[in-house]
Amino acid sequence: MPDRDHPGLSATDLIHHPYVAPAGFEAVMPGVHKGSTVLFRDVADLHSRQWKDKSGYTYGLHGTPTSFTLEERLATLEGGRQCLLTPSGLSAISLVDLAMLQAGDEVLLPDNAYGPGKDFAQVELARWGVRTGFYDSQDARTLEALITPATRLVWLEAAGSVTLEFPDLTGLLRVCRQHPQVCVALDNTWGAGLAFNPFTLDPGEGLRSGVDVSIHALTKYPSGGADVLMGSVTTVDEALHLRLKLSHMRLGLGVGMDDVAAVLRGLPSMPLRYAAQDRSAREIAQWALRQPQVVRVLHPAMPGSPGHEHWSALCTRAAGLLSLQFHPRYSVEQVHAFVDALRLFGIGYSWGGPMSLAVPYDLRTMRRHPAPAGALVRLCIGLEETADLIGDLEQALRTCLPLASV
Ligand SMILES: *Cc1c(COP(=O)(O)O)cnc(C)c1O
């Protein structure tokens, strides 16, 4: 029906238009398909389509061609078969917890796990009657000692958060595989699917290889732009995937297709960015080892860094992260002044983006095991010139942590 103010055009015509763009548009990047509603040809079509096996489209929350494409690529990247997208890396962690655990169960995490994931377990899961235990990622015996028949989920993380200890992943997996009721989930954000393959880790002794679930904060390397929050949950087992998928659906975890497109855009350059940030971080770690103000450089590729031998046995690549532990003679205030004096490093969370970042941490508030004295600064290395970053660190060291005061 024509609109009185716009003869010839009606509101209905704006919605029901006959034009269909010609098929056959080929481009390097896939299209960005958005939709909450998915239209069906008729009622029979509505009733016939399945969302669980991804053979068709039913509702935006169940995915569009754009999100299916990203899921497929991430599964391939991590050596898995199925993948689910979540609104953040943290929601990927909480989805696995909620899908795998119920009242009376126990979940075990490394003491150096990503902090908000520990917090989710200790506070939210506790309210639902799930107990949480923490093991020392560098000592498989502490994991073995904690596993009971109620243990249903064990988290692995390599390298550890902030302190970057690299665990003996195959040794920890071997302990878990002695207990068939245990589901093994890995936070693979640091490895990004590039440093090692979580689904081929071999625990030996004829035990089943690979972790069961790999989660990934796409916010970090896959996006690479410091402008997207997203997570993924990758599996190889169809039944396990379905269990996660049903919880994912019931929790209503959707992602925006513009964000999915941004991650798809970041993926092709990820191996190059990962390699460049790895190279730069190692150069900065080597420089830091020569600074008298620094008592320890935490980076798994540096000999003397905790778990270096486990990293060497499994990987040749590393993420562009390192932490500097300063001499205990420097006060926390002096170390904070050092961070404030940095000009190129931004002060902020996350990593894997273009800009280098620095965050000071107080380990005493983060760990059960007694932490070493001295303040610690975590650096994430971006894509700036390495020499400029070293120059920046040098000027801040010189002005805020002078050698004369040692
Ligand atoms: C950042 C991060 C997460 C959480 O990702 P968000 O998208 O920020 O929620 C989880 N695990 C690790 C290891 C991370 O670095």
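The legends below describe close-up views of the ligand site, the pocket and the cavity in a predicted model.

Residues are numbered from 1 along each chain as its sequence is written, and side-chain values use heavy atoms, with hydrogens and water left out. Because the model is predicted, local features need pLDDT of at least 70 and side-chain atom pairs count only at pLDDT 80 or more, whereas totals for chains, interfaces and linings use all residues.

**View 1. The shell around the ligand.** The ligand is surrounded by 13 residues, the closest being Gly-89, Leu-90, Asp-187, Thr-219 and Lys-220; a residue is near the ligand if one of its heavy atoms lies within 4 Å of it. Helix α4 (residues 89-100) gives the largest share of this shell, 3 residues, where helices (H or I, at least four residues) and strands (E, at least two) are DSSP runs numbered from the N terminus. By class, the shell holds 6 nonpolar, 4 polar and 3 charged residues, with Ala, Val, Leu, Ile, Met, Phe, Trp, Tyr, Cys and Pro taken as nonpolar, Asp, Glu, Lys and Arg as charged, and the others, Gly among them, as polar.

View 2. A backbone N or O atom of Gly-89 lies 2.8 Å from an oxygen atom of the ligand, while a polar side-chain atom of Thr-219 lies 2.5 Å from a ligand oxygen atom. For Lys-220, an N or O atom in the side chain is 2.5 Å from an oxygen atom of the ligand. Of the 380 Å² of accessible area that the ligand has on its own, the protein covers 88% (Shrake-Rupley method, 1.4 Å probe).

**View 3. The largest pocket.** The space taken by the ligand is the largest pocket, a pocket being, on a 1 Å grid over the protein atoms alone, an open set of points with protein on both sides within 12 Å along at least five of seven lines, and its lining residues having an atom within 4 Å of a point. The largest pocket contains about 610 Å³ of space, and among its 32 lining residues Tyr-114, Gly-115, Pro-116, Ser-161 and Lys-220 lie nearest its centre. Two or more lining residues come from each of α4, α5 and β6 (213-217).

**View 4. The largest cavity.** A cavity is a set of grid points where a 1.4 Å probe fits but cannot get out. The largest cavity, with a volume of about 70 Å³, has a lining that includes Ile-93, Trp-155, Glu-157 and Asp-187.

Notes: Polar contact = N/O pair within 3.5 Å; in protein donor to acceptor, adjacent residues only side chain to side chain. Sits in = over half its atoms within 2 Å of the grid points. Points joined across faces, edges and corners; volume = space filled by probe spheres on them.
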